[in-house]
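Here's a quick briefing to read alongside the model. Have the 3D view open and click through the residues as they come up.

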Amino acid sequence: MAITPAQVFAALLSDQERSKRCGSERCLLKSPAPSSSPAGEREVQVSASAEVSAPPNRARLCVLVGSRKEAAAAVKSSVNRRLDYIVQSVRAHGVREDSVTVTKDFRRVENAFQMEAEVCIIFSDFGKMENLCNLLVEKLDSSVVVGLPQFYHTTEAVETIRRQACLRAVANSRRKAFEVCRLLGQTLGKPLIVREEETKESEGLTTEAPSSDNMRSLTIQQQISNASVTVCSKVFVTFELKSKDNLKRNN
């Protein structure tokens with residue numbers, strides 16, 4: 001991800017001194033607007049960026065079972081037997097009941113009865129999800145269809161990533177401002193303005209959406225990487241600028 005280079009603006013002269021200098025020559029250091037800082041305020045302005053990436057914290061897995069027979073009772077018995085085993089296996093892996101959704105569909109198709117049931121499970125522990133998938137494939141084989149997991153971030157997780165990116169950008173701006181002040185023989189003062197100018201978000205390793213065929217060939221770790229979210233935050237911060245001589249006199 002391309003990040004805009006940091007920018008620094010430092011005003012080391014007072015308003016009166018800047019007015020005298022700008023009267024006879026081209027002035028490259030402009031006085032700050034009255035609304036942005038107090039009159040005569042010496043300041044350093046810094047823009048900085050930070051990037052934070054995080055893997056998904058949730059996965060949604062769907063398991064499908066179905067049967068088609070001439071007798072309705074036989075269809076229900078076949079599906080419910082496998083459905084009970086799936087639900088028991090899910091509970092055995094420590095998944096909460098509110099994270100499991102079961103839907104059933106029973107209908108007449110031509111001269112037979114057809115029933116399908118789908119179990120959707122939300123996982124926060126991806127290791128448990130892998131173990132459950134392996135168990136169902138081993139015990140139930142082709143009598144069930146275990147879908148591909150869908151990895152995603154909860155709303156709270158995305159907000160946390162955004163906050164972390166912004167806070168790191170502000171911390172980077174303070175470090176840069178401190179280095180500028182040390183180079184110029186000044187002392188960094190309190191922040192006067194903090195503004196987040198830009199936020200960029202991206203998902204996965206590439207901008208191309210993977211096809212269903214490509215997804216089936218990916219490992220769990222690759223799918224997690226493709227669902228990871230990256231947030232880049234750019235901030236603009238104005239700090240008060242103090243000279244070391246003034247600090248000595250005040251002390």
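**Starting point: A59**

A59 sits in strand β3, which covers residues 58–69. With a relative accessibility of 0%, A59 counts as buried. Keep in mind that this is a predicted model, so the briefing also covers where confidence is low.

**What surrounds A59**

- Setting aside neighbours within four places in sequence, A59 is in contact with I121, I122, F123, F126, M129, Q150, F151 and Y152.
- A59 and H153 are 94 residues apart in sequence, yet their C-alpha atoms are 8.5 Å apart in space.

- I122 is found in strand β5, which spans residues 112–123.
- Is I122 buried or partly exposed? At 27% relative accessibility, I122 counts as partly exposed.
- Beyond four places in sequence, I122 touches R58, A59, R60, V95, S99 and Y152. Y152 is also on the contact list of A59.
- I122 and V100 are 22 residues apart in sequence and 6.6 Å apart in space, C-alpha to C-alpha.

**The α2/α3 pair**

- Two packed helices are described by the angle between their axes and the distance between the axes.
- For helix α2 (residues 72–92) and helix α3 (residues 126–140), the axes come within 11 Å and cross at roughly 150°.
- Angles over 145 degrees count as roughly antiparallel, so that is how α2 and α3 run relative to each other.
- The crossing of α2 and α3 is right-handed.
- Which residues make the contact? From α2 they are R82, Y85, I86, S89 and V90, and from α3 they are L132, L135, L136, K139 and L140.
- By class, the α2 contact with α3 has seven nonpolar residues, one polar residue and two charged ones.

- E110 isn't a glycine, but it has a positive phi of about 55°.
- You'll find E110 in the loop between β4 (100–109) and β5 (112–123). At 66% relative accessibility, E110 counts as exposed.
- D141 also isn't a glycine, and its phi is positive at about 55°.
- D141 is placed in the loop between α3 and β6 (144–146). With 53% relative accessibility, D141 counts as exposed.

- S173 belongs to helix α4, residues 155–184.
- Is S173 buried or exposed? S173 counts as buried, at 0% relative accessibility.
- Not counting residues up to four places away in sequence, S173 touches V46, A48, V235, V237 and F239.
- Q222 lies in helix α6, residues 220–226. Its relative accessible area is 37%, so Q222 is partly exposed.
- Q222 and G204 are 18 residues apart in sequence, and their C-alpha atoms are 9.6 Å apart in space.

**The chain as a whole**

- How many helices and strands are there in the protein chain? There are seven helices and nine strands.
- Of the 251 residues in the protein chain, 35% count as buried.
- Among contacts with a separation of 6 or more, 80% come from residues 24 or more positions apart.

- The protein chain has a mean pLDDT of 83, and 76% of its residues reach 70 or more.
- Where in the protein chain is confidence lowest, and where is it highest? Helix α1 (residues 15–24) is lowest at a mean of 45, and strand β7 (residues 150–152) is highest at 97.
- Over residues 1–6, pLDDT stays under 50, and the model has 13 contacts beyond four places in sequence for that stretch.
- Residues 17–39 also stay under 50 in pLDDT, with 18 contacts beyond four places in sequence.
- Where pLDDT is low, the predicted coordinates should not be read in detail.

Notes:
Residues are numbered from 1 along each chain as its sequence is written. This is a predicted model: local features need pLDDT of at least 70, side-chain atom pairs count only at pLDDT 80 or more; totals for chains, interfaces and linings use all residues. Side-chain values use heavy atoms; hydrogens and water are left out. Axes are lines fitted to C-alpha atoms, for helices over the stretch in contact, and angles run from 0 to 180 degrees between N-to-C directions. Helices (H or I, at least four residues) and strands (E, at least two) are DSSP runs, numbered from the N terminus. Angles under 35 degrees count as roughly parallel, over 145 as roughly antiparallel, 65 to 115 as roughly perpendicular and the rest as oblique. A crossing is left-handed if the near helix is turned anticlockwise from the far one by less than a right angle, and right-handed if clockwise. Contact means heavy atoms within 4.5 Å. Ala, Val, Leu, Ile, Met, Phe, Trp, Tyr, Cys and Pro count as nonpolar, Asp, Glu, Lys and Arg as charged, and the others, Gly among them, as polar. pLDDT is the predictor's confidence in each residue, from 0 to 100. Buried means under 20% relative accessible area, exposed over 50%, partly exposed in between (1.4 Å probe, protein chains only).
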